[in-house]
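Biologist: Can you take me through the side-chain contacts in this one? I'd like to start with the charged pairs.

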Amino acid sequence: MRKWFGAGLVVATLAMTFAHSHAFGQAVTSADPIFGRWMMDQTKSVNNRLGDHATFPTQHVRILAPEGDGLRNTLANSPTSPPQYSYSGTFDGKDHADPRTPGGDQTLAHWHLAPDLIVRLQKTNGKASEWVIYAVSSDGKIFTSISWAPDNPELQDVQVFTRAN
């Protein structure tokens with residue numbers, strides 16, 4: 001788990017450093033390996049936000065698709081359930097109202113740092129409340145989502161997915 005935390009800090013630092021630099025971002029193409037339909041491997045995923053190293057109770061499905069200058073991010077809690085959420089985000093590093101919480105004081109910023117790497121920052125009431133790193137293995141078969149709250153960075157959720165399309 002420690003190696004994920006170290007990698008998370010490096011990527012988060014890069015994202016913050018280049019947050020307002022369009023030159024550092026990558027153009028979006030549908031061929032980028034990060035885009036696709038991904039099925040969670042529950043045996044390799046850990047829900048640790050509460051510090052209990054719990055197994056995820058259902059097999060999540062995540063779909064990342066290019067959309068305009070950003071992505072569409074869809075998450076379902078199981079292969080047969082409707083989406084828990086589906087929103088579009090722009091890869092400009094700027095805070096945008098979080099469509100998952102209409103009327104709330106929550107924002108999302110996204111960076112597409114490489115064809116196989118996306119970073120997302122969620123803010124609540126103007127304060128960083130969650131970092132997420134989406135990364136794909138070099139062979140394009142494994143997708144990993146690592147998320148943590150800045151107040152407790154040692155308590156990370158690690159979700160491992162395999163390509164489903």
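Biologist: How many salt bridges are there?

Modeller: The count is 8 salt bridges. Keep in mind that this is a predicted model.

Biologist: Which residue does R49 meet in a salt bridge?

Modeller: R49 meets D157, with 4.0 Å from N to O. R49 sits in the loop between strand 1 (36-40) and strand 2 (61-67), while D157 is in strand 10 (residues 152-163), so the pair ties together parts that are 108 residues apart in sequence.

Biologist: And are those two buried or exposed?

Modeller: R49 is partly exposed, at 25% relative accessible area. D157 is buried, because its relative accessible area is 10% and the cut-off for buried is under 20%.

Biologist: Which residues are linked with them in a network?

Modeller: The network of salt bridges links R49, R120, E130 and D157.

Biologist: Where does K127 find its partner?

Modeller: The side chain of K127 forms a salt bridge with that of D151, at 3.6 Å from N to O. This pair also links distant parts of the chain: K127 belongs to strand 8 (residues 127-136) and D151 to the loop between strand 9 (142-149) and strand 10, 24 residues apart. D151 is exposed, with a relative accessible area of 57%.

Biologist: What about D41, which residue does its side chain meet?

Modeller: That would be K44, in a salt bridge of 4.0 Å, N to O. K44 counts as exposed, at 52% relative accessibility.

Biologist: Switching to the nonpolar side. How many residues are in the largest core?

Modeller: The largest nonpolar core has 14 residues. Those with the most contacts inside it are I34, F35, L64, L71, I118, Y134 and F143. Strand 1 and strand 8 each supply at least two residues of this core, and strand 8 gives the most, with 3 residues.

Biologist: What is I118 in contact with, leaving aside its sequence neighbours?

Modeller: Beyond four places in sequence, I118 is in contact with I34, L71, F91, W111, H112, V132, I133 and Y134. There is also a second, separate core of 11 residues, which includes L113, L121, I146 and W148.

Biologist: Now the rings. How many aromatic pairs does a search of the whole structure find?

Modeller: It finds 5 aromatic pairs. One of them is Y85 with Y87, a tilted pair at 5.9 Å centre to centre with 35 degrees between the planes. Both of these tyrosines, Y85 and Y87, are buried.

Biologist: How far apart are the ring centres of F143 and F161?

Modeller: The centres of F143 and F161 are 5.4 Å apart and the planes are at 55 degrees, so this pair is tilted. F143 is in strand 9 and F161 in strand 10, 18 residues apart, and the pair links distant parts of the chain. F143 and F161 are both buried.

Technical notes:
Residues numbered from 1 in each chain as written. Predicted model: local features only at pLDDT ≥ 70, side-chain atom pairs only at ≥ 80, totals over all residues. Heavy atoms only, no water. Buried < 20%, exposed > 50% of the residue type's maximum accessible area, 1.4 Å probe, protein only. Helix = DSSP H or I, 4+ residues; strand = E, 2+ residues; numbered from the N terminus. Core = buried A, V, L, I, M, F, W, Y, C linked by side-chain atoms within 4.5 Å. Contact = heavy atoms within 4.5 Å. Phe/Tyr/Trp six-rings, centres within 6.5 Å; stacked < 30°, edge-to-face > 60°.
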